[in-house]
Amino acid sequence: LNQVWRYNQTNNLEAAGWPATNFNDSAWPAGPGLLAFENNNAINALIHTTLTDPRIPPPGLTPGHAYYFRTSFALTNNLAGFTVTASAYIDDGAVVYVNGNEVFPRIRLTSGAITNATLATGTPSGGDATTPDTFVIPATMFVPGTNVIAVEVHQSATNSSDIVWGMALTASTQLQNCEPATVVLNEIFARNQ
């Protein structure tokens, strides 16, 4: 959850190709997760990077605008046969991309075109991201080598007072390390009385 993410909270990137693996995000600020603007004490201890208030947009954006996040990591092996589970703190909704491809389903966002001003369809359970959303990302979306995760987080209302993002990934597989055994009886001792 404390992975360092590049983030953009000041621009409309809906036509910029920002989820692509070759997008240059080097001018974006960076900080460890959770990245948030929040006043819930249950979340505050997890915040390592403070974002701007979504109710006060930068010039050219509207209240409730989207926030954009990117990170990369190196994968040393092929994940064929693995299950990749994401555990993400999201307030309010998100679209997740792995190596430029969208992960479905979206988190509290409808299908179809997404703009910088698209609002989420709801809020996390309890109204704040106090517990993570969990979802499976197909292992085939990851490659050995460098992988890029890009995320856009959307508000559920233009007066929403908080924004939260942070994610952990777990890759797991099941291994059978012995042959199944069958029970064989080869001696019977009877004690008849």
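In the predicted model, Asn99 is buried, its relative accessible area of 17% falling under the 20% cut-off. This residue belongs to the loop between strand 7 (93-98) and strand 8. The backbone at Asn99 has a phi near 50 degrees, a positive value in a residue other than glycine.

A positive phi is also found at Arg108, where the angle is near 55 degrees; this residue, too, is not a glycine. Arg108 is located in the loop between strand 8 and strand 9. With a relative accessibility of 17%, Arg108 counts as buried. The side chain of Arg108 forms a salt bridge with that of Asp133, at an N to O distance of 2.9 Å. Because Arg108 is in the loop between strand 8 and strand 9 (133-137) and Asp133 is in strand 9, the pair ties together parts that are 25 residues apart in sequence. Asp133 is buried, as is Arg108.

The loop between strand 8 and strand 9 also holds Pro105. The peptide bond leading from Phe104 to Pro105 is cis, and its omega is near 0 degrees. A cis peptide bond also runs from Gly33 to Leu34, with omega near -5 degrees. Leu34 is placed in the loop between strand 2 and strand 3 (35-37).

Arg70 and Asp25 meet in a salt bridge with an N to O distance of 2.8 Å. Asp25 comes from the loop between strand 1 and strand 2, whereas Arg70 is in strand 5, so this contact ties together parts that are 45 residues apart in sequence. Both partners fall under the burial cut-off of 20%. The relative accessible area of Asp25 is 16%, which makes this residue buried. Arg70 is likewise buried, at 3% relative accessibility.

The count of salt bridges in the model comes to four. Among them is the pair of Arg55 and Asp53, whose side chains meet at 2.7 Å, N to O. The two residues of this pair fall into separate classes of accessibility, since buried means under 20% and exposed over 50%, with partly exposed in between. Arg55, with a relative accessible area of 40%, is partly exposed. Asp53, at 12% relative accessibility, counts as buried.

Technical notes:
Residues are numbered from 1 along each chain as its sequence is written. This is a predicted model: local features need pLDDT of at least 70, side-chain atom pairs count only at pLDDT 80 or more; totals for chains, interfaces and linings use all residues. Side-chain values use heavy atoms; hydrogens and water are left out. Helices (H or I, at least four residues) and strands (E, at least two) are DSSP runs, numbered from the N terminus. Buried means under 20% relative accessible area, exposed over 50%, partly exposed in between (1.4 Å probe, protein chains only).
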